[in-house]
Structure formats: structure tokens, C-alpha cells
Amino acid sequence: MNKLYLWGIIIIAVMLGATYLSVGGSKGGLNGDIVNMLAVAGAVSLVIITVFVVVKYVRQMQVDSASGELLKDNWDGIGEYKNEVPTGWAVMFLLTMVWGMWYFVIGYPVNAYSQIGEYNEDVAVHNSKFETKYKDITGEKLVEMGESVFLAECKVCHGISADGIDGAAANLNKRIDEKSVKHVIEKGSNNKLLGMEMPMPDRNGLLNANTGALITDAEIETVSKFVANKMSGAGADIFAGTCAACHGEDGKGLDSVAPSIATYTPTLVSNVLTHGKKGVIGVMPKFDRLNDKQKEAVGAYITSLNK
Amino acid sequence: MFHWLEKHPFFFAVGVFVVIAFAGLVEILPNFAQASRPVIGTAPYSTLELAGRHVYIKNSCNACHSQLVRPFKSETDRYGHYSLSGEYAYDRPFLWGSKRTGPDLWRVGNYRTTDWHENHMKNPASVVPGSVMPAYKWMFSNKADINTAFAEQLTVAQYFSVPYNQSVPMKDGTTKVVKMGGSVAEANAIALEEAKIIAADMKDQDVKDTVARGEIPEIVALIAYLNSLK
């Protein structure tokens, strides 16, 4: 028997013994774990295959001799034979070239991964899910959705309890405060609260039908308190004479004429979210990022705060 | 040729580099050049906005706030459209940032307003309960450096062809001309005009008085800059 084969067997035996010691000899063991078993099986086959391959080529070096015509080039005395290109290799080479051309012209350009494409797919999937899930949502559920949107988007200015954080933003627990009513009467307003351009005139365009004259400072004072006080107290006559023509007897607004100043409605809130708003406190930016359902939900939530 | 190359390892290495780099050159460079052009709606910074940008950098706002909206639904829901590289064409240097102790600010102009910034910079916790951001009260008294902003405008207009005093297309189909003064005095006058518009929406009487006197507090410049981020 060749000495080489003997060495091969000895090395295999030693390596497998070492494997056994390190696995079975330690406290770990296989523990019946499939991953451990696979790892050991891999180690065993690696040892055997490695030794077989090494033995094969060392043997080949010992017994093989080469012959054939040498190329005219040599590199520091090391030459090369003029051998034919192996057929399998040549076929693979050609196939790779064909594949390369396909990939360059069609494969990559047509099927390229795109980060934005993935994003668009994500958004489309999410939106369609949102639509089917919340299509018929109403009542309590809608208010809940509105609250969560409110806490994500609106609380930064309006505060967690929607009180406007000491005047930093509008207090949404009531429809309108005195300061705002006064400001709107004096300066007019054009906030697209009905979803379209429908400006309210300033004080120079507000006639008190009771007196037949323009509204006065004292009247503004009184009617502002009246409106801010949920349409009650002194000033009902001024309201009836000046404001009711557009805002309605009860202050709930008239379709396509003027918005409700007595209560919030989901449509009103939606319109504010769509167009933004400018008033005595400052500017509220528009929230285009919300979809219609979310706007409706916020409207329902704000309306529910004022029940 | 190849025999010669094989005998000269240095030139061989150069040859290998050229061959490999060529693919990168033809694939990456044209795309890159195209993507870095300003997109429609991107206008150069005005004098006051640029001064505000300097305030932003001076106070290391970029250490806690990024300016890059990534293309994920969770981000675009919160901040708006994901950022495009062309939108940064006039940012020198860009302030992308990689750390978000606070929120991203790249489109903050879309959803925060002058008066909100004013309240927030005076006392962040008053409008954002639990905020860890410090107050920046000195911005209400420090004066913005308009001269440096003007110097930067002049430089970028001359060396990078930033289109000041030229019309740039906006998203709604209109065009916009961002003015740059011809002299230091003119630049200061332009900045003051912009500052007056911002100050009109602010509550702080000191700030209003300062602007009325013809000086510009840092906070006004900073708000102008933040409002321009859209």
C-alpha cells in the first residue's frame, strides 16, 4: 500500500477523532438539535472530501508527466503548452457572453430594482388596504381614528387636550373665542371654510339692520361675547341684525353662503385641513398629507369634543 | 503592446484601473449629473434665508435634525414627499445629517408656521410637551449677519452660476425671481424687506421693534430659512 494513502487514512482518523472530542467530549453534545447534526455532518464530509482531493492531486504530481508543444513565450523560464481550449469551458464562455448581452440589453434595464419603485408599491398596497378596511367606518370608530390622527399631526400646536396650549393655537374645545370673532368682524375673513372662495367683508361692509348703520365698536364687543358664549347672553339682537343674514338665525351657517360659527362640522374641519387658515392667532398650515378619510375622522373627533 | 504592459507592472495597473473605471464612468456620471440639477420648484436662498441658514449651522441644529426624507411610507406620511437630490442643488453644504434626536426638517415649511416657530424657539416644551430641545432665547436678541450671507450669494452666483436675479420655474407653473442686491447696502435693504414680512406674523414686541429700527434679529432670519424648506 502506498505511503500516501496511509497518511490520508491517518489524517482522516485524527481529524474525525478531534471532531468527536470537540463535539461529544465537551458538555454540549448534539442535544438532538438538527442544526448541530447538520454542522457535524458538514465537518465530517469536509474532512473526508479534503483528504481525498489532496491525495488525488499529490498522487498525480508524483506519477504524471506532461508532454506537448511549448508556446514560444516563457516567463522566467516557465513555459506553457499549446493546448486546445477545453470544449466544456469554451461552451460556458460563449453562453456567458450571450447571457451578458441579454442582461445588458434586457435583463437589467427592464427588471432593475428601484428604491422608489419599491416605495411606490408599498404605498399603493398600504393605501388600498386602508381604503378597504376603513371604507365604511362611522360613528365611534371614526372618532377614534380622528383622535389618533389628531395626536399624531395636530397636538403639536393644539395640545393633547386640544386646548390650544395657552393661546399658541385655537382652542378646539369651543367653536370660536371672543378674540377671533372680534378680529374677523374688524378685518374680514377669507379662509375657504366652505371649500371655496367666499370672503366675509370687514366692518366697513357689515350693516346692522336694526340700526341701519355700520356695526359699532360697542356692538362688536357685545356680539363677540355672544358668539363666543355659545350663542347665548346679551347681543342676540345684534347677531340677528348683522350676522344672521349669512350665518343663519342659529349661527349654524347656510349652504354655500357662510360656515357655521355655532358648532364644528366634519366638513368645516376637512376644509380647514385642506386649505389651511389665517386668523388672529396666526397661520395654520394646510395638511394635504392626510387623505379624505383621515380629514373626515379629524372632523368627527373635533365635532365630538364639542358635544 | 501586451508584452510591453506585462513587463511594466505600474502601467499595467493603470491600464487595469482605466478599463474597470470606464464602466463606472459611463454608468454613474451622466446619471449623477442629471440628478443633481435643480428640480422644478427649487429656488436659490434669498439673502435673509441664507443668513438664517448660517444661524442654523452656527447653532448646530443639524446635530439633532436631519434634512433628508427617505422613501419609506412611514417617513413620507410624517414629513411629506421623499427628498430628491436636485432639491439640494443650492445647499452648500447640504445638511442631510444622520441623527434624528428631533424630527426631520427638510419640509418643515409645509406644516409649521412663523408663530409656531416663535413659541417653539422661546420655549420648546411649551408647545411640545416632553421635548428635550433647549430654548434658543439669544436668537431673539442677537443680530443676523446679512453681510456674510450677501458675500456667500455673490460667491455662489459667480462661481457656481446660482441663478440669482433670474427667473426659476416653480411647481405651480409660475416663475420666481430671487433677488440679490448689487451692493452691501442694497442687500441689507432686500433682507430687511423680507424680515418685515416675517416680523409682521410674530408676537414678540422686541423683535418687531428691532426690525422696525432696521436691524434683523437671528430668529427672524432662522424662521425665514425654516419657512423656505418645502
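Helix axes are described here as lines fitted to C-alpha atoms over the stretch in contact, and angles run from 0 to 180 degrees between N-to-C directions. The model is predicted, so local features need pLDDT of at least 70 and side-chain atom pairs count only at pLDDT 80 or more, while totals for chains, interfaces and linings use all residues. Residues are numbered from 1 along each chain as its sequence is written, and chains are lettered from A and ligands numbered from 1 in the order in which they are written.

Chain B holds ten helices and two strands (DSSP runs numbered from the N terminus, with helices being H or I of at least four residues and strands E of at least two). Along the sequence, these elements of chain B follow the order α-α-α-α-α-α-α-β-β-α-α-α. Chain B is more spread out than a compact globule, because its radius of gyration is 22 Å, well over the 17 Å that the globule rule gives for 230 residues (taken over C-alpha atoms; the rule is 2.2 Å times the number of residues to the power 0.38). The C-alpha trace of chain B spans about 80 × 45 × 35 Å along its principal axes.

Turning to one helix pair, helix 7 (residues 146-159) of chain B packs against helix 8 (residues 184-200) of chain B at an angle of about 110°, with the axes 10 Å apart. That makes the two helices of chain B roughly perpendicular (angles of 65 to 115 degrees). At this contact (C-beta atoms, placed from the backbone, within 7 Å), Ile146(B), Asn147(B) and Phe150(B) of helix 7 meet Val184(B), Ala187(B), Asn188(B) and Ala191(B) of helix 8.

Note on methods: Parallel < 35°, antiparallel > 145°, perpendicular 65-115°, else oblique. Contact = placed C-beta atoms within 7 Å.
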